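Q: I have a chain open here and would like to talk through how it is put together. Could we start with the overall picture and then move to a single helix?

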Amino acid sequence: MKQITKTLLLASLSTFIAFSLIRFPDEAFKASIRGLNMWWEVVFPSLLPFFITSELLLAFGVVKFVGILFEPIMRPLFNVPGVGSFGWVMGMASGYPTGAKIASRLREEKQLTRIEAERLVSFTNASSPLFIIGAVSVGFFHDAKLGVLLAAAHYIGNALVGFCMRFHGLKSFREPKPKTNGNFSLIKAFQEMHHTRLKDPRPIGEVLGDAVVNSIKTLVMVGGFIILFSVLTKLLFLVGITPFLAIFFKVFLQIIGLPIDMALPLFSGLFEITIGAQSISGVSTDSILAKAILISFILGFNGFSVQAQVASILAKTDIRFTPYFFARFLHGIFASIIVIILYKPLYLNKQAFGTDDIPVTQQGQAQLFWLDLLELLKQFGPIFTILSLAIAFIILYRRGKQS
């Protein structure tokens with residue numbers, strides 16, 4: 001009966017999307033172009049270097065080296081091996097879904113148990129500083145100070161989620177105690193790195209080619225989800241589902257004391273972060289705090305678009321999606337509460353980060369830096385994307401011809 005219900009739901013959803021596309025072809029096309037532009041202008045060129053680098057660091061044993069050094073820190077705090085520190089840092093630097101990609105690769109290489117991989121995925125999929133400060137704070141709000149508040153709340157909340165998820169799986173699964181002495185040893189770390197590299201028989205050229213191809217395959221999948229959810233979010237609005245469900249969000253926002261005008265932007269943000277953040281920035285309110293609270297929540301929640309990307313990456317392993325999904329609510333709640341706590345010291349009180357002594361011209365230059373960086377990605381991002389896809393095609397073609 002459960003499978004029959006699932007079949008009916010999936011068939012109904014597919015039919016709804018098909019009829020909506022036929023009913024609103026122009027709007028769906030514009031939404032698709034918007035998602036495509038976001039992918040090939042910003043997402044692809046900003047994530048590809050991190051993906052390729054992570055593949056190379058895994059292949060050459062550098063991740064194992066880092067894991068030995070950070071074992072005494074990661075194990076007590078998050079109950080994951082030291083290699084998890086690599087996924088945590090890379091996830092914060094490059095943004096989602098890098099953390100899921102690294103966790104799945106570590107699981108495939110048996111450097112993590114399934115429970116440890118589920119813990120790691122729950123707190124390594126963070127938003128990048130470029131998106132929080134550049135796109136949201138400067139791009140939408142024209143306020144670099146807001147980026148400091150949002151970033152602090154986002155990353156502190158992320159660490160708290162990791163600490164809470166350290167208890168995941170303790171009752172249902174008894175893990176063997178790791179055989180570590182907890183001592184800092186560069187010699188042992190180097191030995192492990194060397195042994196890891198020797199276990200990989202591939203020549204350097206093949207390792208580099210695999211890193212490029214695997215990274216581009218993942219990013220093509222990410223691009224498909226971005227376009228799909230961009231279209232889906234637009235269709236839900238056009239058929240009237242979004243305004244209808246926003247009524248329930250109005251009741252919820254009224255209960256917690258936030259402006260009900262943000263109900264529709266909040267619902268949109270649950271599907272796609274960029275659309276939600278941009279919509280929230282356009283709502284007229286007396287205080288920026290309410291906007292910061294809701295944006296922090298949707299940043300921590302990741303949005304169904306990012307969650308679908310993560311689910312697709314995890315589907316190739318035995319890592320379950322449910323713990324990650326639960327952690328997203330936890331992250332959103334933590335980040336919202338931290339915004340309230342840090343709003344006065346990090347935003348209202350300029351002395352907290354020294355802007356009183358910085359001339360207005362220099363503060364403006366900081367905002368221009370992030371705007372110029374985003375503009376640079378939009379100008380040269382498509383060229384970089386096309387060249388990378390061409391390189392991947394050439395590598396696959398030559399391998400196919402040789403085989």
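A: Gladly, and please keep in mind that this is a predicted model. Among contacts in the chain between residues at least 6 apart in sequence, 79% join residues at least 24 apart.

Q: What share of the residues is buried?

A: Buried residues account for 49% of the 403 residues in the chain.

Q: Switching to α3, what does the helix span between its end C-alpha atoms?

A: Helix α3, residues 62-78, spans only 21 Å between those atoms, whereas a straight helix of 17 residues would span 24 Å. There is also a kink of about 70° at Phe70 in α3, which lies shortly before the proline Pro72.

Q: What covers the buried residues of α3?

A: The cover includes α2 (25-59), α4 (84-94), α5 (98-108), α6 (114-124), α8 (144-165) and α9 (186-199), and the buried residues of α3 include Ile68, Leu69 and Met74.

Q: Why does Met74 count as buried?

A: Met74 has 2% relative accessibility, and buried means under 20%, so Met74 falls in that class.

Q: Which residues does Met74 touch, leaving out those up to four places away in sequence?

A: Met74 touches Asn79, Val80, Pro81, Gly82, Gly84, Ser85, Trp88 and Phe123.

Definitions and conventions. Residues numbered from 1 in each chain as written. Predicted model: local features only at pLDDT ≥ 70, side-chain atom pairs only at ≥ 80, totals over all residues. Heavy atoms only, no water. Helix = DSSP H or I, 4+ residues; strand = E, 2+ residues; numbered from the N terminus. Expected span 1.5 Å × (residues − 1). Bend = angle between axes of the 7 residues up to and from the residue. Buried < 20%, exposed > 50% of the residue type's maximum accessible area, 1.4 Å probe, protein only. Contact = heavy atoms within 4.5 Å.
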